[in-house]
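Visitor: I'm new to reading protein structures. Could you walk me through this one?

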Amino acid sequence: MWLQIAGALVTVVIGVAACVLYFWGTNWVLDRTLGTSGAGAAGDGVATAGQDKLRTRIRPWLFLAPALFFMGLYLIYPVVETLRLTFFDRFGTNYVGFGNYIWAFNDPQFQQSIFNNLLWLIIVPTLATAFGLIVAVLADRIWWGQVAKSLIFMPMAISFVGASVIWKFVYDYRGTNADQIGILNAIVQMFGGEPQAWMTITPFWNSFLLMIILVWIQTGFAMVILSAALRGIPEETIEAARIDGASDIRIFFDIMIPQIFPTILVVWTTITIVVLKIFDIVLAMTNGQWDTQVLANLMFDWMFRGGGDAGRGSTIAICIMIAVIPIMIWNIRQANKEEGTR
Amino acid sequence: MTTITSGTAATPRTERSAIASWFAQLTAGKIVAQLALLLLVVVWTVPTAGLLISSVRDKDQLTTSGWWESLVMSEANEAASLPPADTQVEENGQYVIRGSVFPEDEGRTVVRYGTSINNPSEAAAGDTLDLRTGGEITVNADGTFGMVSAAPFEYDRARIFVVAGIPPRFTIENYVEVLTSEGIGRSFINSFTVTVPATVIPILIAAFAAYALAWMSFPFRGLLVALIVGLLVVPLQMSLIPLLRMYNGIAGLTGGASKTYLGIWLAHTGFGLPLAIYLLRNYMASLPKEIMESARMDGASHFQIFTTMVLPLSFPALASFAIFQFLWVWNDLLVATVFLGNNEGQIVLTARLRELLGSRGDNWEILTAGAFVSIFVPLMVFFSLQRYFVRGLLAGSVKGG
């Protein structure tokens, strides 16, 4: 055990040392081999200028090389490879054409997952953004708002599995006549209702209870970003509207919302991406039982089911990727626009 | 966790923003706002509070009553056997038996008691009841009782029934158990083993790349920035199968293991780089241009400028990313499950917790304590470094418009 900790620390040291050595070493080599005092056509001023130019041309790539290598190996190559694997069988060796896609669209579990993912996509970003906006607006005007924001932000730090344990305890069910230790059932009982085994209530409601967990986590994120955007609204705008006799509700809907709309869109898309990849919560709470399956969990299932099916797993991954692409393009266009105004 | 009670009067602020003064007009609306926010805060904190309180409760109490009842005395019906008749002694011409309902003192009290199982709350503690076997009995609140009779007691077995008041019991036993016998302690170490290198290594690599993208001019720079923004949102799921196959292939060729710490460190490095470069580049690009230029004039090389000026100045951005990456790696389940084994020496906290959810699904004393151990470190990081975390979030979301 101590050996393992020591191993990790040594790795940090070796890793950092290797990075430093690489960056320092390659720079040193570059300066040496192409330096003005280096070998080559010494004394010839034109050649030296040429070498100088060459050095400035090479150096950025030395700085970039390790990052490009890791991103290439761990992100870009896999995207291409996953796409290739969708056309192959479970071992990735025999070409099957569109067989995996045909399988997917006829598979009831896959259809179920697509349907559930759509529900997640509609409900979670909407609720998280709405709650985030409400908290951001409310907290700005109350003296203990900062504490409130901290507490609502806190779930952001908790892992999806940790959150699943927390909420599984909230949803706990002990049989109809027993004393309930899950707070949801206790509340239901208090109002004279019948305790429920929440996780088995099909259709929809058990999925909805899983979505609540993600809303609980993501609201803090929405709140922080929207709160910053609200503070960026010029005071004069609101002042002017108030002098014109606009009601608070109208100021909120006609001035605040339009002003921060671009930010709302950013929050929305960011949460959308989290939702598309949602996996841990479903795995820990139901593992896709009782019609709660989602794409990422189904893919995980196929990665290991019966020794793993690379073709089908990849096909499901591609479906997630396709859903992300519009957001990706939009992000890149926004970034390019900003680049232009810099 | 402190609960905040709502006060209706707002403290006056010297600097009042337009938004605040816009709201300051309201009075009834203000109260509604306070209550609404309070309600939201309660809903958001109660689940975590329940977990925390339950994790220090006695495991028998945990399964029989809700955690919200844990701070008050709980009541339970119990039966106690009376001592056998031959323990009686003669005192002043009367036959007496003394004893205690709670032979081993556990701080419990008698609230009410009775001589029949159908009516355990017949009399209050301290009252005297007639015994069916003849004579009288008095049970005191502390559990001691005395039986008095003019004639000798004669019975085989007799019982009394009490409503016992059980005081709340808090204990760290659950934590001791999960840390030792349930393997959470070992997983804690494993999580650290994964997290620390996976946080440090990408920072260095990203910092150099970010500097190049921010302050060096070279062909395809714009394209690379666009690529990184694109890679920010590529789902992790795209990488899993090819990398798993690659790792298995390498292990097959070299005869080594396919699930290693080195493998997961490098994987987290690769997955974390786009965000790291993006955050750091944005920050570095906003550093004042004049400093760079004057340093260039003085003949400093890019390498020198980077190490002596840009790196120290970029500390806030480095800290932001470090927190992100630390939380992300610590909380990750998917990458750890795919690239690390489930054996004692490799299973991380999240994976262990998931395993416990399956195997010990009803042992809430283990699950609550285990979950709290796993969320303790991120919560500490979060509360102590929230400022950097928020700054990173604000910088990390691609600004619209």
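Visitor: How many salt bridges does the structure hold over all chains?
Guide: Keep in mind that we're looking at a predicted model. Side chains of opposite charge can pair when their charged atoms come close. Counted over all chains, the number of salt bridges is six.

Visitor: Is Asp172(A) buried or exposed?
Guide: This residue is in a salt bridge with Arg174(A), where the closest N and O atoms are 3.0 Å apart. The cut-off for buried is under 20%. Asp172(A) has 8% relative accessibility, so it counts as buried.

Visitor: Which helix do Asp254(A) and Arg250(A) both lie in?
Guide: These two side chains form a salt bridge, 2.9 Å from N to O. Asp254(A) is partly exposed at 43%, while Arg250(A) counts as exposed at 52%. They sit four residues apart, about one turn of the helix, and that helix of chain A is α10.

Visitor: What does Arg98(B) form a salt bridge with?
Guide: Over in chain B, Arg98(B) has 57% relative accessibility, so it counts as exposed. The closest N and O atoms of the pair are 3.2 Å apart, and the partner is Glu91(B).

Visitor: How far apart do the C-alpha centres of domain 2 and domain 3 of chain B lie?
Guide: Chain B is divided into domain 1 (18-55), domain 2 (74-166) and domain 3 (174-396). For domain 2 and domain 3 of chain B, the distance between C-alpha centres is 65 Å.

Terms used:
Residues are numbered from 1 along each chain as its sequence is written. Chains are lettered from A and ligands numbered from 1 in the order in which they are written. This is a predicted model: local features need pLDDT of at least 70, side-chain atom pairs count only at pLDDT 80 or more; totals for chains, interfaces and linings use all residues. Side-chain values use heavy atoms; hydrogens and water are left out. Domain bounds come from an automatic or database domain assignment. A salt bridge is a side-chain nitrogen of Lys or Arg within 4 Å of a carboxyl oxygen of Asp or Glu. Buried means under 20% relative accessible area, exposed over 50%, partly exposed in between (1.4 Å probe, protein chains only). Helices (H or I, at least four residues) and strands (E, at least two) are DSSP runs, numbered from the N terminus.
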